[in-house]
Amino acid sequence: MTAVMQGVRILEVADHTFVPAASALLADWGAEVIKIEHVERGDAMRGLASSGLALLNSKVHVLLEHSNRGKKSLGLDLSSPDGLDVLYRLAATCDVFLTNKLPSVRSKLKIDVEHLRAHNPRIIYVRGTGHGERGPDADRGSYDALAYWCRAGIALSMKHADDASVPSPPGPAFGDSIGAMTIAGGIMGALFHRQRTGEATVVDVSLLGVGLWSHGAALALSLQLQRPWAPMPRSFATGNPLVNTYRTQDGRHVSICCLQAAKYWPGISEVIGQPDLATDERFAEAASLLKNAAAATQILAAAFAERPAAEWRERLAGFSGQWAMVQDTLEASADPQTVANGYVVDCKTEDGTPFKLVAAPVQYDEEAALPGRAPAFNEHGDAILTELGLDMEAILDLKVRGVVA
Amino acid sequence: MALLKAGTRLKSAVCSTEVMIVAAPKEEVEVTCGGAPLVAMGEAGGGTLSEDAKGGTQIGKRYVNAAGDLEILCTKPGEGSLAAGGVALTIKGAKPLPSSD
């Protein structure tokens, strides 16, 4: 992989996933990331147990790895003048400052744009927040389950009218992870701009903004139609029998998405072993197929229900239309396409314990970026301070006073 | 056994380790390095490194007991390993606040 971010130095004061995962991606692509952690507690992520899974007791905290791979860690007390001095000295050596602290916290800690720029006028200042920098809730904290999912309209867009509850995000850090990619892209644009013009910019990305963008196509339609976006009724047939999800004999699902139904109708007739359907006058032309979509859908539903998924996989292999098996996460990881493209990669902790992570989904020069491991708390503290020019006596003094971990 | 005080500098009697007490329990406790009790900085050492206390100390690392009321900062490394009341001290990690999503 071409390490396109090689030589870029990033200073991060951020917890959890949304913002840290942005610099994790940049680290995958070669950036050096210094992660400042709370001097005693570390990144709040270190204490997070997820969704009833006892992560705290497992050997590898894979959520921490997902969002902190390849970084260096320094435990630093930003509320002390000496800690702040260390931060400013580090900032002077960095290209990017990245934080998820809220506006009031940034100004209280004196890590806002003005203070950082006073020590490095060229630093790109990046803020990841819940709701953006302006507006009545600019200073309110959030999580992706809230700002990205609920507030941005996604949750209700998935809720059927007869559902008693509101759908939750499909997994931990769902909005955070795409939000992180958004921040990473923002940072790369800012670096490019600075290189061309010499100007350092302020970069803002919020979970609300990313949620709206993720849902932007539906939002545009919703605004045009002036009605809230909602899922299609459960019994809804699209009007295109080749845009549907069919249940197999063994309870799996095959999803077909051929927007030009008439073009692919003969092909699917072959696949289901009923080639005569290709010339059946009900379905032979685009207009007639559209008119008889319900009948065609019923034929396909009945056919798919007669054979197991594995058989459909084989039968569909030569089909020229677009289709996919509906897969679970383990199947997706083992998918031959995932494997061939290196989308899931093998990682190891410091003591050699293996685990797997999803690779950065952008590849440079045809190779997956292999993530490094997440740092132990304050793992690089002394080295970072030494590089700043502090001798051991000075470092020990900071330690004794609790300024560094 | 001794009542420790935060800020006190001590050294190993049997290796080159030097430490500073960062946090001390209210009760008396015997802290050893390399199997022998720590001594005051000016005091002469002596004795040999115990075979079962040779893990070594690393400069800049904080060592804590299980209760978390004893914290010792290593200011000079050595071959002995630290223990309190006969129980090995461990390198301090983050103390994350428990949370769940």
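## Report on a predicted two-chain model

A:V210 counts as buried because it has 24 C-beta neighbours inside 10 Å. A residue is buried if 20 or more other C-beta atoms lie within 10 Å of its own, exposed if 12 or fewer, and partly exposed in between, with C-beta atoms placed from the backbone. This is a predicted model: local features need pLDDT of at least 70, side-chain atom pairs count only at pLDDT 80 or more, and totals for chains, interfaces and linings use all residues. Residues are numbered from 1 along each chain as its sequence is written, while chains are lettered from A and ligands numbered from 1 in the order in which they are written.

**Around A:V210**

A:V210 sits in helix α9 (residues 207-214) of chain A. Helices (H or I, at least four residues) and strands (E, at least two) are DSSP runs, numbered from the N terminus. Leaving out residues up to four places away in sequence, A:V210 touches A:Y148, A:G175, A:I178, A:G179, A:T182 and A:V205. Contact here requires C-beta atoms, placed from the backbone, within 7 Å of each other. A:G130 is 80 residues from A:V210 along the chain, and their C-alpha atoms are separated by 9.7 Å.

**Helices α6(A) and α8(A)**

Two packed helices are described by the angle between their axes and the distance between the axes. For helix α6 (residues 144-151) and helix α8 (residues 174-197) of chain A, the axes come within 8 Å and cross at roughly 85°. Axes are lines fitted to C-alpha atoms, for helices over the stretch in contact, and angles run from 0 to 180 degrees between N-to-C directions. α6(A) and α8(A) are therefore roughly perpendicular to each other. That class spans 65 to 115 degrees; angles under 35 count as roughly parallel, over 145 as roughly antiparallel, and the rest as oblique. α6(A) contributes A:D144, A:Y148 and A:W149 to the contact, and α8(A) contributes A:F174, A:G175, A:D176 and A:G179. By class, this contact has three nonpolar, two polar and two charged residues. Ala, Val, Leu, Ile, Met, Phe, Trp, Tyr, Cys and Pro count as nonpolar, Asp, Glu, Lys and Arg as charged, and the others, Gly among them, as polar.

**Nonpolar cores**

The largest nonpolar core holds 89 residues, of which A:L11, A:A22, A:L26, A:V96, A:F97, A:I124 and A:I187 touch the most other members. Such a core is a set of buried Ala, Val, Leu, Ile, Met, Phe, Trp, Tyr and Cys residues joined through C-beta atoms within 7 Å. Beyond its neighbours within four places in sequence, A:V96 is in contact with A:V8, A:I10, A:L11, A:I123, A:I124, A:V126 and A:I187. Another core lies apart, with 19 residues, among them A:L242, A:I256, A:Y264 and A:V271.

**Strands and sheets**

Strands of a sheet pair through backbone hydrogen bonds, either parallel or antiparallel. Here, two strands pair if DSSP finds at least two bridges between them.

In chain A, an open sheet of three strands has the order β8-β9-β10, with antiparallel pairing. β8 (243-247) and β10 (323-325) are its edge strands, each pairing on one side only. The twist averages 15° from one strand to the next. Helix α13 (residues 293-304) of chain A lies across β8 and β9, running at about 30° to β8(A). A:N244 and A:Y246 form the covered face of β8(A); A:V243, A:T245 and A:R247 form the uncovered one. A:S255 has A:T245 as a bridge partner and also A:A324 in β10(A).

The β8(A) and β9(A) hairpin has five residues between the strands, and A:G251 takes a positive phi near 80°. β11(A) and β12(A) form a hairpin too, with five residues between them and a positive phi of about 90° at A:G352 in the turn. In that pair, A:V344 stands opposite A:V358.

| Antiparallel pair | Bridges |
|---|---|
| β8(A) and β9(A) | five bridges |
| β9(A) and β10(A) | three bridges |
| β11(A) and β12(A) | five bridges |
| β3(B) and β4(B) | two bridges |

Chain B has an open sheet of four strands in the order β4-β3-β8-β9, with antiparallel pairing. β4 (36-37) and β9 (87-88) of chain B stand at the edges with a single partner strand each, so one side of each is left without a neighbour in the sheet. B:T32 has B:P37 in β4(B) as its bridge partner.

**Where the chains meet**

The contact takes 18 residues from chain A and 15 residues from chain B. On the chain A side, β3 (48-49) and α18 (392-400) are the elements that give two or more residues. α18(A) supplies the largest share, five residues. By class, that side has nine nonpolar, four polar and five charged residues.

Methods. Contact = placed C-beta atoms within 7 Å.
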